[in-house]
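User: Please examine the structure shown here and answer a series of questions on its fold, its core and its aromatic contacts.

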Amino acid sequence: MPGILLYGNGMKIKFKIRLEYDWKNNIRAAIVIALAVLLYATVGYHVAVLIGFGAAYYLIKSLQIELDERLPWIWTGLLFAGGAALSVFCVQYLLLDAELFARLSTEKWMLNILCVLVLYLLVQLFTGNSGVSCIIASVSLLLLAFINYFVYLFRGNEFSIADIRAVGTGLSVAATYALRLNTRGVYVLFAETLFIALVRKCEIRFQEKWHMRIIDFLLGALCAVVVVFNAGSVDTQTWEQKGTYLNGYILNFILGVRDSFVSPPEGYSAEAVEELEQQYETDADVCQQPDELDPTIIVIMNESFADLSTIGDFETNEPLTPFIDSLKENTTKGYALSSVFGAKTPNSEWEFLSGNSMAFLPTGSVVYQQYLNRTPASLVSNLKERGYTCVAMHPYYATGWSRDRIYPRLGYDEMHFIDDFDQTKLLREYITDEELYHKIIERYENRGRREKLYLMGITMQNHGGYGQPYDNFDEEYFKLGRSYTDANQYFSLIHESDSAVEKLITYFSREEDPVEIVFFGDHQPSLCNSFYPLLNGKGLSNLTEDELESLYMVPFFIWTNYDTPEEEVEITSLNFLSTMALERAGISLPPYNRFLADMQQVVPAINARGYYSKTAGKFLHVEEAEGEEAEWISRYRILQYNSMFDKRGRSFLFFPYFEQKEG
């Protein structure tokens, strides 16, 4: 079957396609179809697909294609463009169901295709062969997609660049999981097989390969520039499959690579760190004073717990948090800035434990999944140094946000996840706050005679979404006047949390041994966008910096069953809370916490969006800081970079890692 296309000023592009019988094709087709039948028997898919695949494969293998040798870039362009589009389609199709597959925007489709084209062109720089480049690039991308597919089955989160560092851990547990391939996986394997068979029929020759490589480089650079220009402000998504259906898996993976590189801040040097060490080394070796209480310390990070009156005034049929509102004696309470809104809980957990801030990390990043490669200094390590037994409790899956890998690195002695709780104690579909608190009390009652306890509980009861009604949950609390179903469900959940806190504090108020309870919300909930104009008159867009920061305020309190001053804190941030907890526990502050306590006097609150300026009396971007505020923020940034990224020059004074001490 000959074919001719007209090109330009009468120039003809010649190509020929013909069918040619070759007995070897019978053998090749038989092997491939036999494998397809095996997949049919093990996975199960429509028999018509098996027949269609077998016929298409045999047809392609029977083709003889002759391409005009004068125009190799025409054929290469067709192969690369088609191959890139097919690769992106196969990756998305493999990873997402039909509903989520349809959510990726046209713009993100194009950016993903351009990312793949960069890979195709990069491979051709080394191979000098268009067909081989297509095969290597497309197979590599499909392999990455399958790795992500199985990783998601194992742990419920996407495979990212950070997981490559933990490949040993992954392989050590992989044997405990059963690999399951679905029909979408079979179909993309078939599509890839047909594509490779077609590519192998297209023989493309470049007469001057150095010229081809120059064009490859220039085209690849152009594609990369377009991607950077259009995706520079796109956030990496790391919750479940959000990255795949919002950004496209390939683009989201590349954004994760981007976020892995954090540059030293301006003014960073070993001398700058040493200067700060000299200021805080006095009494650094004092670990414990005779009059220190060493109370049991209980920290509750409550899922989506917030006071939405920080956004705007509204009324409900009944008070939502009457008990927490009534706390005064031996209580420090107020509002703290979180760095996240509606999701990415572990960033709040990390800010509290480490004293560090998301203000100096890439937007969209998740510390637990990207940056914690060693055992970091934190509240956990500080308390372990004092002889505390450190216990983490989270009534959900251990793999969520990689906590099963991160908690041992943080130094927790015990970890309790969903299987350790009574799973009949549900509100909606999550284990209740009350059940978590019951577990905390049970562990407290079973403590050793002289055992000092630190317990951190991460709740799940109030997790979004809030639109679906449940038979096991009566929604009795609601906003007066115009409201929305999800908001009313959320308000009812907050009241349940308040009731559970009352039972927890009532129990410990009767204890003679000293106990401190630290409670805070991880972030505000994500509710229907139409609800927010009822609160602030604007919604979620065109907000001033102060209005924007109101979306990141969460309530907190520190309560003790022993005498501590009553205090109202107008504004702080989660990174300062662990320092405040140590102070109210009567524990000598380690050097880094002393630095944070001093900084808090000048910069009372800082998060990923900005900081509160006492001199200006409002929220500002970090880059707008001046004078003493700018100096403290700069020192803070230097110390945080030292703790997280300077592996060789890390300050042992500020960040005494276990690994360093053991060495």
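The questions and answers below concern this predicted model.

User: How many residues does the protein chain have, and what percentage of them is buried?
Analyst: The protein chain contains 26 helices and 15 strands, and its C-alpha trace spans about 95 × 60 × 55 Å along the principal axes. Of contacts between residues at least 6 apart in sequence, 76% join residues at least 24 apart. The chain has 663 residues, and the buried share is 54%.

User: Which helices do the buried residues of H10 pack against?
Analyst: An α-helix has 3.6 residues a turn, so residues three or four places apart point the same way. In H10 the buried residues are Met-212, Asp-216, Gly-220, Cys-223, Val-227 and Ala-231. These buried residues pack against helices H3 (72–95), H5 (106–127) and H12 (249–259).

User: Which are the edge strands of the open sheet of eight strands?
Analyst: The sheet has mixed pairing and the strand order E7-E6-E10-E4-E11-E12-E5-E13. Its neighbouring strands are turned by 15° against each other on average, with direction ignored. Pairing on one side only marks the edge strands, E7 (414–416) and E13 (567–573).

User: Which residue in E11 stands opposite Ile-298?
Analyst: Strand E4 (residues 296–302) runs parallel to strand E11 (residues 515–521), and seven bridges join the two. The residue in E11 opposite Ile-298 is Ile-517.

User: What angle does the direction of helix H15 make with that of E10?
Analyst: Helix H15, residues 345–354, packs on the sheet and touches E4, E10 (452–458) and E11. The angle between the directions of H15 and E10 is about 155°.

User: Is Tyr-93 buried or partly exposed?
Analyst: Tyr-93 forms an edge-to-face aromatic pair with Phe-101, at 6.4 Å centre to centre and 85° between the planes. Phe-101 has 18% relative accessibility and therefore counts as buried. Because the relative accessible area of Tyr-93 is 26%, this residue is partly exposed.

User: How many residues apart in sequence are the parts that Tyr-407 and Phe-417 tie together?
Analyst: Tyr-407 and Phe-417 are stacked, at 6.0 Å centre to centre and 10° between the planes. Tyr-407 counts as buried at 1% relative accessibility, and Phe-417 counts as buried at 10%. Tyr-407 lies in helix H18 (residues 403–410) and Phe-417 in the loop between E7 and strand E8 (426–427), so the pair ties together parts whose separation in sequence is 10 residues.

Conventions: Residues are numbered from 1 along each chain as its sequence is written. This is a predicted model: local features need pLDDT of at least 70, side-chain atom pairs count only at pLDDT 80 or more; totals for chains, interfaces and linings use all residues. Side-chain values use heavy atoms; hydrogens and water are left out. Buried means under 20% relative accessible area, exposed over 50%, partly exposed in between (1.4 Å probe, protein chains only). Helices (H or I, at least four residues) and strands (E, at least two) are DSSP runs, numbered from the N terminus. Contact means heavy atoms within 4.5 Å. Two strands pair if DSSP finds at least two bridges between them. Axes are lines fitted to C-alpha atoms, for helices over the stretch in contact, and angles run from 0 to 180 degrees between N-to-C directions. Rings of Phe, Tyr and Trp (its six-membered ring) pair if their centres lie within 6.5 Å; planes under 30 degrees apart count as stacked, over 60 as edge-to-face and the rest as tilted.
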